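Student: I've got a structure open and I'd like to work through it with you. Can we go step by step?

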Amino acid sequence: MRHIALFAALCTLLLTGCTSTLPTIDQRPVALIDWVDFVQFNGTTYLASHGEAGRALEEADLGPEFARVQFKLAENVNDPGYQSKDGDAAFLERGTSVHTVRGYQPQFRLAAVRDGQIILYEADTNPNAKQGADLLDLRDKVASIGVVSAEDGTTELGVLNDPQQVAALVELVLAAPVDQSQPPQDDAGQNYMIVFHFKDATATSRMYWSGSGEMTRGIRLPEEFQKAIQAAL
């Protein structure tokens with residue numbers, strides 16, 4: 001789930017993952033990079049979503065080709081300071097087709113096939129994002145909103161499924177301002193995973209800090225959203 005991606009993203013802002021060094025035979029250090037599973041296009045970095053909260057994508061979910069991978073970082077880059085660029089992917093081979101996902105805007109979701117498995121990628125960092133709608137495509141798609149423990153990423157603590165309330169909270173997310181220039185700021189509030197269960201049975205989840213009102217990545221939600229989450233617990 002997204003807590004895995006969040007850990008990796010916090011490990012390095014450049015999404016190059018954690019690094020360690022081992023000496024080579026001639027004792028020169030070599031960096032070992034634990035890459036985060038990502039792709040980057042049009043300035044937006046997309047992280048792989050493992051989708052435990054919803055169904056996996058199927059071939060019918062794949063839309064037209066959006067772009068092709070130009071460079072695979074794993075096994076090819078040993079510099080932990082490498083600056084990712086458009087066309088880069090951590091694990092997808094060069095030339096891999098990256099598709100849109102039917103029913104969703106490509107600025108939110110993309111998908112690719114790797115080793116026979118469809119991998120879903122969701123927007124994490126978009127330097128042009130001004131509001132939640134620039135990162136998440138939620139309108140008229142969400143059936144319910146789950147509040148999940150951030151401790152294990154699986155225990156559901158509450159759920160909101162009233163259609164009118166769900167629609168209202170979705171609008172708060174979409175209209176919320178985005179600031180991705182700073183790491184998450186928590187002021188001792190409780191943190192949760194917020195899971196948006198879509199009508200097509202897929203799902204997306206985001207970390208939420210109730211104290212600061214921030215949802216990853218950099219979505220600044222109003223107090224009204226926090227009150228609804230607390231009431232659902």
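This is a predicted model: local features need pLDDT of at least 70, side-chain atom pairs count only at pLDDT 80 or more; totals for chains, interfaces and linings use all residues.

Student: How many salt bridges does a search of the whole structure find?

Tutor: The search runs over the whole structure, and one of the pairs it covers is K72 with E75. The total comes to 13 salt bridges.

Student: Take K72 and E75, then. Which of these two is buried and which is exposed?

Tutor: Their side chains meet in a salt bridge, at 3.8 Å from N to O. Buried means under 20% relative accessible area, and exposed means over 50%. K72 has 11% relative accessibility, so K72 is buried. E75 has a relative accessible area of 73%, so E75 is exposed.

Student: What is the distance between the closest N and O atoms of E122 and R206?

Tutor: E122 sits in strand 10 (residues 117-125) and R206 in strand 14 (residues 203-209), so you'd look at distant parts of the chain, 84 residues apart. Both residues are buried. They still form a salt bridge, and the closest N and O atoms are 3.4 Å apart.

Student: How many residues apart are R217 and D124?

Tutor: The side chains of R217 and D124 meet in a salt bridge at 3.4 Å, N to O. R217 is in the loop between strand 15 (214-215) and strand 16 (219-220), while D124 is in strand 10. This pair also links distant parts of the chain, and the separation is 93 residues.

Student: And is D124 buried or exposed?

Tutor: Use the cut-off again: buried means under 20% relative accessible area. D124 has 6% relative accessibility, so D124 counts as buried.

Student: Which residue stands opposite R206 in strand 14?

Tutor: Strand 13 (residues 191-198) and strand 14 run antiparallel, joined by seven bridges. The residue opposite R206 is I194.

Student: Which helix do the buried residues of helix 2 pack against?

Tutor: The buried residues of helix 2 are V166, L169, V170, L172, V173 and L174. They pack against strand 11, strand 12, strand 13 and strand 16, and also against helix 3.

Student: Last one: how far does helix 2 reach from its first C-alpha to its last?

Tutor: Helix 2 has 13 residues. At 1.5 Å a residue, the expected reach is 18 Å, and the model comes close to that. The reach is 18 Å.

Conventions: Residues are numbered from 1 along each chain as its sequence is written. Side-chain values use heavy atoms; hydrogens and water are left out. A salt bridge is a side-chain nitrogen of Lys or Arg within 4 Å of a carboxyl oxygen of Asp or Glu. Buried means under 20% relative accessible area, exposed over 50%, partly exposed in between (1.4 Å probe, protein chains only). Helices (H or I, at least four residues) and strands (E, at least two) are DSSP runs, numbered from the N terminus. Two strands pair if DSSP finds at least two bridges between them. The expected span of a helix is 1.5 Å times one less than its number of residues. Contact means heavy atoms within 4.5 Å.
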